[in-house]
Each structure stands twice: as structure tokens, then as C-alpha cells.
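Trainee: I would like to learn how to read ligand sites in a model. Could you take me through one example?

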Amino acid sequence: MDEVRDPFGTVMRGARMPVVIADAKVIDQPIIFANDAFLALTGYRRDEVIGRNCRFLQGPLTDPEQVARLRQAIGAGEEISVELLNYRKDGSTFWNRLYVSPVADEAGGIIYFFGSQSDVSDKKTAELSLIRSSEGLRTDIDTRTRELERALEQKTTLLHEVDHRVKNNLQLISSLLLLQSRRTEDERTRLALRSMLERVSAVATVHRRLFQSDDLERFDVAEFLRDLTSDLAASAGRDDIRIRLDLEHVAVPAAQAAPLALVANELICNALKHAFPAGREGRIDVTTRQVEDRFLMTIADDGVGRATGRPAGFGTTIVQLLSQQLRGRLEITDTQPGVKVVVTVPVSTPA
Ligand SMILES: Cc1cc2nc3c(=O)[nH]c(=O)nc-3n(C[C@H](O)[C@H](O)[C@H](O)COP(=O)(O)O)c2cc1C
Ligand SMILES: Nc1ncnc2c1ncn2[C@@H]1O[C@H](COP(=O)(O)OP(=O)(O)O)[C@@H](O)[C@H]1O
Ligand SMILES: [Mg+2]
């Protein structure tokens with residue numbers, strides 16, 4: 001047929017896109033037409049493909065699932081597009097984006113299948129290597145996560161070990177102070193030793209609280225003050241002093257915990273020991289608040305008040321030194337009755 005009488009054939013034969021036509025009326029759809037581009041793509045001669053079903057392009061690594069999709073669509077007379085691995089005559093492979101569609105005659109019966117192939121190996125290879133590298137990345141991340149989990153476990157174990165030793169050592173110091181205070185005849189020395197014992201206990205309580213909490217970096221002052229006041233009230237043995245707690249949860253950096261605890265200890269001890277001489281009942285209010293980036297702790301009593309002219313004791317020195325260390329402010333007011341002390345400390349957020 002010449003080009004004028006068969007323009008479609010001419011176009012198909014010369015098209016840059018590989019094209020085949022299979023006979024739908026003959027069993028197993030043999031190829032009745034293949035253009036030069038198809039031959040160039042697959043490496044076969046025309047006489048090697050005409051009369052055969054196109055499955056000769058498939059090989060051991062062709063995905064059977066995609067072949068099944070083709071079989072199903074062709075059997076149902078539907079068009080389909082798949083991507084599958086095909087083999088050239090020389091055995092080399094390429095990724096084939098295949099489009100197959102039925103062609104019907106005027107009566108509606110399917111007479112041909114039209115197929116067109118395109119080599120999408122570059123795209124497919126890039127896709128596959130992307131999948132592989134993301135899988136590799138995921139394995140790397142999994143490995144790294146496991147390593148970090150192990151490191152964290154080790155760190156936690158170590159912290160607990162250290163915690164245990166510190167607790168034992170604090171206990172040892174407390175025992176020494178207790179023994180010494182029991183053996184001391186001099187009343188003033190005995191009281192001083194008792195005060196030291198209370199300070200060590202306060203630090204021990206901080207320590208226990210810090211390591212009991214999930215967060216080793218933050219210290220909840222409210223929880224601590226609850227423990228401390230009940231310990232101090234118990235050892236003071238004064239049922240006639242009512243202690244009221246109004247504690248807002250304030251988490252401070254762990255580094256601020258011990259100094260804050262010691263300050264609280266001094267102030268609550270003072271109220272318990274000095275504000276209510278035997279026979280005088282009263283109350284002590286302990287309040288915590290967070291105001292913006294500052295932490296406020298108030299300890300107020302309605303006792304006898306600070307006698308003017310009395311020299312500040314060691315407790316006051318401790319409170320002043322530690323407030324300074326915390327870059328905090330100390331405000332002591334004679335409330336008549338009683339004394340009110342407000343400690344304001346900037347709460348730095350740990351990085
Ligand atoms: C027109 C036409 C073109 C086709 N072209 C290809 C092709 O390029 N590569 C391929 O692997 N299969 C191709 N096939 C699909 C196979 O010929 C066959 O239909 C498929 O393997 C499913 O049938 P089977 O499970 O009996 O093999 C084509 C099918 C038709 C009808
Ligand atoms: N809340 C208070 N109520 C009455 N007096 C207080 C109060 N706090 C402190 N004082 C008085 O201030 C003195 C100094 O206190 P402090 O420096 O803590 O030393 P210490 O408690 O060892 O005596 C106390 O001895 C006490 O007389
Ligand atoms: Mg004191």
C-alpha cells in the first residue's frame with residue numbers, strides 16, 4: 001500500500017512511539033503489526049514477532065501481578081495501563097509502561113488490541129533507588145534510635161546508682177549529727193547540731209524528690225514543701241500550730257532545688273520555733289506562686305513577731321547567702337501579729 005492510500009499505516013510505521021496491533025479474533029492474540037520503534041526497543045526482527053503473543057517480552061523478574069492485571073483486562077475487553085519489566089532479545093531488561101486498548105468494529109465486537117510501549121527505565125530506576133535509600137535511611141534511624149535508647153538506659157541506671165550513694169551518704173551524715181547531738185551536754189551546741197541535722201534532712205528530701213520524679217531536670221517546689229512541712233511539723237510536735245499550704249505547682253531547674261529547699265527550711269523552722277512560745281497557738285501559711293518568670297514563696301505566721309534588737313542568727317545568714325546565690329530577693333515584714341517573709345527568685349528555663 002502506498003502512503004497516499006494508507007495514511008494511518010504510514011504514520012504508525014514511522015511513529016517514534018513503539019506500537020503493536022494484535023488480532024483479537026484469533027486465539028491468544030497474535031501480533032499482526034509491529035512498527036520499527038517497537039523492533040528498535042525490543043531488539044527483535046519483524047519476522048520474529050509477527051504471529052506471536054506479546055508475552056515473549058516477559059522473563060523471570062517480571063511481576064506476575066502486573067501480568068495478571070493485563071490478562072484480566074484483555075479478557076474483559078477493557079483498556080489498561082501497567083508498568084512491568086520486559087526483556088529484549090539480547091536478554092537485557094527495560095521497564096515498559098504499556099498501554100493496551102481494545103478496538104471494536106462497527107458492530108461493537110472487539111477485533112484488535114492496540115498496544116503501545118514506552119521505556120521508562122530511567123524513571124523507574126530513580127524511583128526504586130529512592131525507595132531503597134529511604135529504606136536504608138529508616139534502618140539507619142532505627143539503629144540510631146536503638147543506640148540512643150541503650151545510652152539513655154545506661155544513663156538512667158548510672159543516675160540511680162549515684163542517687164543511691166548520695167542517699168546513703170546523706171543518711172550517714174544525719175546519723176553522725178544525731179549521735180553527736182545526743183552526746184552533747186551543752187544545750188546550745190545540741191540545738192545547733194539539731195539544726196544542722198534538719199538542714200541535711202531537707203537536702204535529703206530534695207534529693208529523694210528529684211530522683212523520684214520522671215523529670216530529672218525540673219524540681220517541683222510545691223511537692224517538696226508538702227513533704228518538708230509535714231516532716232518539720234511532726235518533729236516540732238506542736239498540734240496547736242496549724243499549717244496551711246497554698247501551693248501552686250512551680251517547677252524550677254534542678255540546680256535551684258537545694259538552695260531553695262534550705263531557705264524554706266530555715267523560714268519554716270523559725271516560725272515553728274520562735275513565733276509561738278509554749279502556750280501560744282497560731283498558724284503558719286506557706287504559699288507558692290509563679291508570676292511570669294519569677295517564683296514566689298511566702299512563709300507567714302501570726303506569732304509573737306521578731307523581737308527588735310535581737311542579733312540575726314546563723315539561719316538568717318544562710319537565708320541571705322542562698323537568696324543571693326539564687327539572684328533572688330528577700331522581703332521580711334513585721335505583720336503584727338507575726339512575721340511574713342517573701343522570697344522571689346527568677347526561674348531560668350533550662351536549655
Ligand atoms: C496489544 C498487546 C500488546 C501487549 N504488549 C505487551 C508488552 O509490550 N509487554 C508485555 O509484557 N506484555 C504485553 N502484552 C500482554 C501479553 O500479551 C499478555 O496479554 C499478558 O502476558 C497476559 O496474558 P498471559 O497471562 O496469558 O501471559 C500485550 C498484549 C496485547 C494484547
Ligand atoms: N517567725 C519568727 N517569729 C518570731 N521570731 C523570729 C521569727 N523568725 C526569726 N525570729 C527571731 O530571729 C532570730 C534569728 O533567727 P535565725 O537567724 O533564724 O536564727 P536562729 O533561728 O538560729 O535563732 C531568732 O532567734 C528569733 O528570735
Ligand atoms: Mg532560724
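Mentor: We go through the ligand sites and then one annotated segment; keep in mind that this is a predicted model.

Trainee: Which residues are around ligand 2?

Mentor: A residue counts when one of its heavy atoms lies within 4 Å of the ligand. Here the list runs Asn270, Ala271, His274, Ala275, Asp301, Gly305, Arg306, Arg310, Gly313, Gly315, Thr316 and Val339. By class, that shell holds three nonpolar, six polar and three charged residues.

Trainee: Which side chains have polar atoms at 2.8 Å from an oxygen atom of ligand 2?

Mentor: Look for pairs of N or O atoms within 3.5 Å. The side chain of Asn270 places a polar atom 2.8 Å from an oxygen of ligand 2, and His274 likewise has a polar side-chain atom 2.8 Å from a ligand oxygen. With Asp301, the ligand atom is a nitrogen, 2.8 Å from an N or O atom of the side chain.

Trainee: How much of ligand 2 does the protein bury?

Mentor: Start from the ligand taken alone, which exposes 530 Å²; the protein buries 83% of that. Ligand 2 sits in the largest pocket.

Trainee: Which elements give two or more residues to that shell?

Mentor: They are helix 8 (257–275) and helix 9 (314–325). Helix 8 gives the most, with four residues.

Trainee: Now ligand 1. How many residues surround it, and which are the closest?

Mentor: There are 19, and the closest are Asn53, Arg55, Gln58, Arg71 and Asn86. The shell divides into eleven nonpolar, six polar and two charged residues.

Trainee: What are the distances from oxygen atoms of ligand 1 to the side chains of Arg55, Gln58 and Gln117?

Mentor: An N or O atom in the Arg55 side chain is 2.7 Å from a ligand oxygen. For Gln58, a polar side-chain atom lies 2.8 Å from an oxygen of ligand 1, and for Gln117 the distance from a side-chain N or O atom to a ligand oxygen is 2.9 Å. On its own ligand 1 has 610 Å² of accessible area, and the protein covers 92% of it.

Trainee: Where does ligand 1 lie, and which elements give two or more residues to its shell?

Mentor: Ligand 1 takes the space of the second largest pocket. The elements are helix 4 (64–76), strand 3 (80–87), strand 4 (93–104) and strand 5 (110–119).

Trainee: What does UniProt place at residues 78–132?

Mentor: An unreviewed UniProt entry gives "domain: PAC" there. In the model, residues 78–132 are 22% helix and 55% strand, with the end C-alpha atoms 34 Å apart.

How values were computed. Residues numbered from 1 in each chain as written. Chains lettered and ligands numbered in written order. Predicted model: local features only at pLDDT ≥ 70, side-chain atom pairs only at ≥ 80, totals over all residues. Heavy atoms only, no water. Polar contact = N/O pair within 3.5 Å; in protein donor to acceptor, adjacent residues only side chain to side chain. Areas by Shrake-Rupley, 256 points an atom, 1.4 Å probe, with all protein chains shown as cover. 1 Å grid on protein atoms, 1.4 Å probe; cavity = no way out; pocket = protein on both sides within 12 Å on 5 of 7 lines; lining within 4 Å. Sits in = over half its atoms within 2 Å of the grid points. Nonpolar A, V, L, I, M, F, W, Y, C, P; charged D, E, K, R; others polar. UniProt positions renumbered as here; feature names shortened; annotations may be inferred.
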